[in-house]
Amino acid sequence: MTLNKRAFSLIFPIVLLGYVLAGGLAYYGYRAAVIGLQKARLDQEVFQLKSSYADYLSLGSRLLYVVRNSNAFLLFLNETDETYRTRALAVGIQDSLQSLDPRDDTFVSCSIFQPDGRLVFHSDNGQDPFSTAGERQRAFARAVIADEAPTRSALIVENDGLSYLLMSSLVQARTARQPVLSQREQAVLLQIAIRPVHFQALRTGLEAEYRTRIETSATPLAPNGELSAVVRLAPDLYARLTPPGSYLNGRFRKIAIISAAMSLSLSVASIGVLMVLVRRFVTGPVEELDRQVSGIMTQQRETIDVPGTGEVGRLAANVRRLHWELDQALKRTQRLYETDPVTGIGNRIYFNEMMERFFHEEKTTGQPVTMLFIDLDNFKMVNDEYGHRAGDALLEAVAHALVLALNETARACDAAPGIAARFAGDEFAVLVQAGPRTAYVQDLVRSILALFQGGFSVDGSRYPVTASIGVASAPEDATTTMLLLSCADHAMYHAKGSGRNTVAFHGDLPAFAWTGKSPRNR
Amino acid sequence: MWRSICLLVGLLAFSYAPGARAVSLNLLIWEWDLDPGVAKAWADTSGTELNQIIFDNGERRDLLIATADAPIDMAVIDSGHIDALGQRGLLVDQGNYPLPPEAQSEARWRSMCGRYGVPYIWGGTGIVYRTDRVTTPPASWADLLRPAPALAGHIAMTDDEEEILAAALGFLGRPMYTGDTEDLKQAFAVLKAQVPAVLTYSLSVTAQQEKSFHDRIFMGLANSGDQRTLNMTSDGARPWRFVTPRDGAMLWVDCLAVLSRSRQPELAERFVAFLARPDNAARNAIFLQQPTTNLHAAALLPQAMRDDPQIYPPAGIPVTYRKPVPTDSLPLRRRILSALAVIHDAQ
């Protein structure tokens, strides 16, 4: 798992949990606020209902007052001749009623019931002259008379479905005043009926909005749950509006969805920002260090940048130091691995490596490769006569002389110097990036042979050793490293066979002399 | 009608004014229903003042008569209403004050006024219209109740439910004084259909004097004689005419009654006898442009007046004499009128 993935897997659940908790708290807070607001609104709406009802109550009271205190009503009450009462007096009550007609299409009616419950007068301001006091209104009147209630009001629904606010008052027959208890049996009932249209419209509107019925009761009602409003419309009329649970559920669902969406989107955004920051300031430098170390491992870079002084900086510095030390050790090992311990120049391994490289370059750049195979003549005699120590000293001196000759000739010919290596025993090899007929190779051969003119001197002692040199080149003589080595080896044997301290170019050898196999089985 | 009550209250206050030093009689009467010359002659003859208390609705007049403390000595009461008030003991029995033969009215009017009233003037219920606004003169109730589109918003119906329903029932060919609810339902339907064309449910002569209706009434339900009052209040022009509908005329007689509670019953009776004198009756009829109930007086009228179809209904038109509507149907008639007014206001 990468550092980024690890950071993500740590950050994601924590941030998500945090926002889910915050979203949940916000949801519950908002829910409480919505309920509070809705309750306030509900209270206000039922208050409007009460206010509207109060308007109608007030109208009813005024109508009752005006009719009760009108002269016509008093005359009407005191008149026993029903014909005369109807013909001459009833119109006066109608006038009293009309004097308070609200003239806003509010239906009002006035009915007078005798003690036996009989309707003796009815007038209204409606558009249907053939209507009369409905059955419920008459029943209400009979109940008031039976109960001997001095005044009473109620909200009833008539059989035709219309609501009426009824206000009744018992009056003494002779005086139109409120009757004393003992005379209530003979009292006449004056009843006003009003169609509380505005109240009903409010009520219907509320019932439609909240999809529930507004309950009314003559006895006090208590709120029904946290979202329920109760109002006292009249002294003996209470109303309760309790929206169903489903009323706010839709809104709560919406809030919940918004909260969840917010939590999720904020989580995603926060995680995104955090991941960017983590990547930039934490995992990025580590990744960069990893990339640089990888670069070094794949040899695409050589050193490590140290980013600042933090933990990652220190880590980078340590890694760089470690790398440097390892590199040095590796170089040392490499050097030891590729160096001939006797002469201090490259060994056969080194030679093979360089030959591979030169061949590769020959393939890509066309630069020819020429190998000089040098074998010391009479070296065994030196070892046998002067001892191995002298032999080793001779080998070391020859190696240095070869390198010197190589470098000087290259400098003189303005060519790349090439390399020199000890193959084994008394065998050396030189490899240059030039053709065999070039002045550089020719000069080099000459200067090497010149080293052995009259033997080879080491520390004042002259040893009778000479050099036989075989020269072969690629691509002229060989196309593989093995073949080039064989060709050079073959040429060297040819030189050795020609009289020592001489050179033989493989390209100059007769065709039959070349079998494609090394004279020695190397 | 509320307006008329206010008017009455104002006049009552006036009648109580401290300036009224001389003996006076209070007469409850329609507007412009007594020749000022006759009134002056009475004042000059009797040396007493005559206060006219004006009403414009028969039912409110009855209520005033029934109200014990209204200071009224005499009243003009139509034959349809007088019996109920008389039988209640509110009116003086005129049998106690016989008039000389020449002052007595025709028997048909005397019988309609009964014991409690002396016939004062008679007339018919019909249609008034403006000749300068209505090109085709109305001839039947249909012309009023199903008016031409041009008359929409220019019709005045009275606030008398008995007259309104009599017109609608006459239009339907039903008895004008029916107590049958079905007849009244049909009549209501006719009147309801007429509502959009109606300008006001009040007496033409009263409405004409109101600024908001002045010059806007072209046709109306009215009584003979109303054309005279309307012409008097029409800025000098005399465009108004009265027509008795050919499909049925309703004839009425107004009676002069003395209230039992009058403090000067003898003086009031003297006034009744003064008005009943043929010369005064004729003079008054000429002023009112209405037929007199007294044949001796009728003989004194100009021939042109006796031939005027606006004053004497043309022969051949079916006639119904106004009488009390059945008591049971009265509240319904009142509510029909009230409903018409409500429907009208709602428009």
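Within chain A of this predicted model, the residue A:S263 touches A:Y19, A:V20, A:A22 and A:G23, when residues up to four places away in sequence are left out of the count. The place of A:S263 is in helix α6 of chain A, which covers residues 245-297. Is A:S263 buried or exposed? A residue counts as buried if 20 or more other C-beta atoms lie within 10 Å of its own, and A:S263 has 22 such atoms within that distance, so A:S263 is buried.

If one takes the contacts in chain A with a separation of 6 or more, 61% of them are accounted for by residues 24 or more positions apart.

One part of chain A to look at next is an open sheet of 3 strands, which has the order β6-β8-β7 and antiparallel pairing. The strands β6 (215-217) and β7 (229-234) stand at the edges of this sheet, and each has a single partner strand, so one side of each is left without a neighbour in the sheet. From one strand to the next, the twist averages 25 degrees. Between β6(A) and strand β8 (residues 237-241) of chain A there are 3 bridges, and the two strands run antiparallel; here A:T216 has A:A239 in β8(A) as its bridge partner. Helix α1 of chain A, residues 3-68, packs on the sheet by touching β7 and β8 of chain A, and the direction of the helix makes about 10 degrees with that of β7(A).

Further along chain A lies strand β9 (residues 369-377), which is mostly covered, with 8 of its 9 residues buried. Which strands pair with β9(A)? One of them is β14 (residues 466-474) of chain A, which pairs with β9(A) in the antiparallel sense over 9 bridges, and in this pairing A:L372 stands opposite A:V471. Another is β11 (residues 427-432) of chain A, also paired with β9(A) in the antiparallel sense, over 6 bridges, with A:T370 standing opposite A:V432.

These strands meet a helix as well, for the buried residues of α10(A) pack against β9, β11 and β14 of chain A, and also against α9 (379-413) and β15 (503-505) of that chain. Helix α10 covers residues 439-451 of chain A, and its 13 residues reach 18 Å from the first C-alpha to the last, close to the 18 Å expected at 1.5 Å a residue. Its buried residues are A:Y440, A:V441, A:L444, A:V445 and A:I448. An α-helix has 3.6 residues a turn, so residues three or four places apart point the same way. The face of α10(A) turned away from the buried side carries the exposed residues A:A439, A:R446 and A:A450.

In chain B, strand β4 (residues 118-130) is likewise mostly covered, since 13 of its 13 residues are buried. It is joined to strand β9 (residues 249-258) of chain B by 7 bridges, the two running antiparallel, and B:V118 stands opposite B:L256 in β9(B). β4(B) also pairs with strand β7 (residues 219-223) of chain B in the antiparallel sense, over 5 bridges, where the bridge partner of B:T125 is B:N223. A further 4 bridges join β4(B) to strand β8 (residues 240-243) of chain B, again antiparallel, and there B:V128 stands opposite B:F242.

Finally, we come to the place where the two chains meet, at which 25 residues of chain B are in contact with 25 residues of chain A. On the side of chain B that touches chain A, at least two residues each are supplied by α1 (2-15), α3 (58-66), α4 (79-87), α8 (181-194) and α15 (330-346) of chain B. Helix α15(B) gives the most to this side, with 11 residues. Sorted by class, the side of chain B that touches chain A has 16 nonpolar, 3 polar and 6 charged residues.

Notes. Residues numbered from 1 in each chain as written. Chains lettered and ligands numbered in written order. Predicted model: local features only at pLDDT ≥ 70, side-chain atom pairs only at ≥ 80, totals over all residues. Buried ≥ 20, exposed ≤ 12 C-beta atoms within 10 Å, placed from the backbone. Pairing = 2+ DSSP bridges. Contact = placed C-beta atoms within 7 Å. Nonpolar A, V, L, I, M, F, W, Y, C, P; charged D, E, K, R; others polar. Expected span 1.5 Å × (residues − 1). Axes fitted to C-alpha atoms, helices over the stretch in contact; angles between N-to-C directions.
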